[in-house]
Amino acid sequence: MPHPFRLPASRNLPAVVTAVLLVIASLLVSGAAPSPAAGRAAWTPKTPPLSTPWTDRVSVDHPLPDYPRPQLTRPDWANLNGIWDFAVTARDAGRPAVFGERIRVPFAPESALSGIQRKITADDRLWYRRTFTVPADWSGQRVQLNFGASDWETTVWVNGRRAGAAHRGGYDSFSYDITSLLNRGGTHTIVVSAYDPTEGGGQAIGKQRVQDVTAHPGHSIVYTASSGIWQTVWLEPTPATHITRLDMVPGLSDSTLRVTVRGTGAARVKVTVSSGGTRVGSATGMLGAEIAVPVPNARLWTPDDPFLYDVTAELTGVRGADRVGGYAGMRSIAVQDVDGVRRPVLNGRFVFQTGTLDQGFWPDGIYTAPTDDALRFDLQKHKDLGFNMVRKHIKVEPQRWFYWADRLGLLVWQDMPSMDSGKSPDDAARTQWENEYRAIVDQHRSSPALIQWVDQNEGWGQYDQARIADMVKAYDPSRLVDNMSGVNCCGAQDGGNGDVVDNHNYVGPGNTPTESVRASVLGEFGGLGLRVSGHEWYPGGGFSYEDQPTPAALDNRLVGLLDGIRENSMPAGGLSASVYTQITDVENEANGLLTYDRRVVKVDEARVRAANQALVAASRTVGPTVKLPVEQYVSLRVRTPGFTDRYIRHKDGLGYTEVVTSASGDLLKQDATWKVRPGLANRLCYSFESRNYPGEYLRHRDFRVRREAGGDSALYKADATWCPVRADGGVRLSAANYPLQYLRHIDAALWLARLGGTHAWDEPAFFTEDTTWAVDAPWAP
């Protein structure tokens, strides 16, 4: 069986078959073009708003020639990508008599790389047609027609007969056994119909919206739609009884790889795990039953060492003896207490997950990366920048994307694509969405990189959050589940369950309040923007959450955010993971670390990599959080040399420092005494209640720190919560909602200050000393 990293070559199907090529094809390849007019001269690509380094490297006749299913490989297959006949009709029209256009599959017709580049609406139906031949040496085998993905409702005919039920779903793969539809002649015709209403329907659409396919102004976080076929179409021969999927779950506790071989019919199967050509372990069982394959002394898969074992599965005792190859990584993922804080643990150890939001859009192919090198590129850039995780945001990529994540070593949070954010889904939409979700889980459940499912995002199309989280956890108990990313945003409702609680904070980083059961993560933050002339989708149309004037400013701000997580959010606030928005610009969003065309890295790679590496390294030795004496009175003393006789006190509602001695009056002593309460906004942090004004707390507002009451508002609770960080001779108190900013005294007044800030109270001299406090016995017990 071919090594999974050296995948079998396709029998690519040429677009123009001359008499000479037919002779060659009889020996080497299979295929024929739809018609002689479908040759290279009859088709040309369109010009995208931006070209990528790979735009001009896409083959006309053989785009995306790489094996599309790396975790279930067979040595023989035939790629159907290339030039197809194409037509667009009214939604309810029948098959057109004339296919008057040509399209390059598998690029969506909205894309420049397809050669169509036209808006597709809910009133349109797409039609594709091409011919093919079956290699003579496939005789006696079943012929499978496979689609990586087609958006959204796809119907297939072969030689005029329908291949099976229409497939509904835009993100999962599907197949048809077309053996009985093949005629006795050498040439066969495929016709595909695709209907995609995008937001006009109720299905999962992610960030797709019907809009102009050429660049246009407008600030929007949704992008150009991709309709119809957008992943590889291909043929493969199989025996009648054959393998359809390998479900692989590593078991570190008993040093086994638990493999369930799915397939058609009944048969015994042998599964072998090997490394570098040397067998590690093997076991036998039945199709559909779990088989425990021993993997002694397993080399664990981690982002630093993404080691993959080779896996083969072979049917025994049946005609044809189907045999497939794949790969697996040995790793575990769970949530558990680490020094009193709920943390995700990889292979039993907490490692902070630092990643980016990855939308997966391209200016030339929209939903489809132009080449496999391009598909890998974004993931490699994550590694180059020091990230160890990627959140694939409400889109599901081809299986080769997961292969590269597995091989390069990137933890993956996989979002289920959302339904339209402006609608409450009806029963039919819910049923479809859940069916598609389960199909996506099945398709990618064996990827070692994929560690977490993200069910819903910011309330978009939200419903039954708790039930869905339980459903996904039961369906795939080997991974973490996030029931809602951004529970604090946009009307989202937290189901209250799953393995993590997930906030969005822009620009942030902020903290996600900790809990006793779920780990706290930051599903989105950042969004720092920098427009790069000559590399904008619509020149002058870019926007971000916070524009930066120069690359140096962007570097400083980004590294500052990462340092804030390392210094405060992780150790003091209990944060365990963060997702920066985002890896690339997307259309008019100019907040990427790279431009949309992938030609410019906006940040200093070495500096960002060092900041991420420092964050990950610090997580390995984070230790317990700083503990203060809860429900006891304390006084907070200045640690700046020459001022160590001063204490925090309130006066006329504002915070100051003042000298307090045993001779001071009772009122001053009471003003300088505070009760330590559990953090109003984070149980790992603290709030300081006034001794003589119960119910009023030390909080920041408009940078000034004051004594104030605020009721139950979330903003007040966050402003009145302080997370202690260890410091020489005391603690530093960072704002729970602004981890980069500290409680500071300057000229006797108390401020919320940030090193490198632009205000007078951000003065860098003595910044650390001025933000360090001794926790002393109270002046007024």
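Gln399 sits in helix 3 (helices are DSSP runs of H or I, at least four residues, numbered from the N terminus). We're working on a predicted model, where local features need pLDDT of at least 70, side-chain atom pairs need 80 or more, and totals for chains, interfaces and linings use all residues. Numbering starts from 1 along each chain as its sequence is written, and side-chain values use heavy atoms, leaving out hydrogens and water.

**Exercise 1.** Decide whether Gln399 is buried or exposed, then list what it touches.

*Solution.* Start with accessibility: Gln399 counts as buried because its relative accessibility is 17% (buried is under 20%, exposed over 50%, with a 1.4 Å probe and protein chains only). Next, contacts (heavy atoms within 4.5 Å): skipping residues up to four places away in sequence, Gln399 touches Pro68, Arg69, Pro70, Ser173, Gln443 and His444.

**Exercise 2.** Work out how helix 4 and helix 5 are arranged.

*Solution.* First, geometry: the axes of helix 4 (residues 427-444) and helix 5 (residues 465-475) cross at roughly 30° and come within 11 Å (axes are lines fitted to C-alpha atoms over the stretch in contact, with angles from 0 to 180 degrees between N-to-C directions). So helix 4 is roughly parallel to helix 5 (angles under 35 degrees). Then the residues: helix 4 contributes Trp433, Glu434, Tyr437, Arg438, Val441 and Asp442, while helix 5 brings Arg467, Ile468, Met471, Val472 and Tyr475.

Technical notes
Helix = DSSP H or I, 4+ residues; strand = E, 2+ residues; numbered from the N terminus. Parallel < 35°, antiparallel > 145°, perpendicular 65-115°, else oblique.
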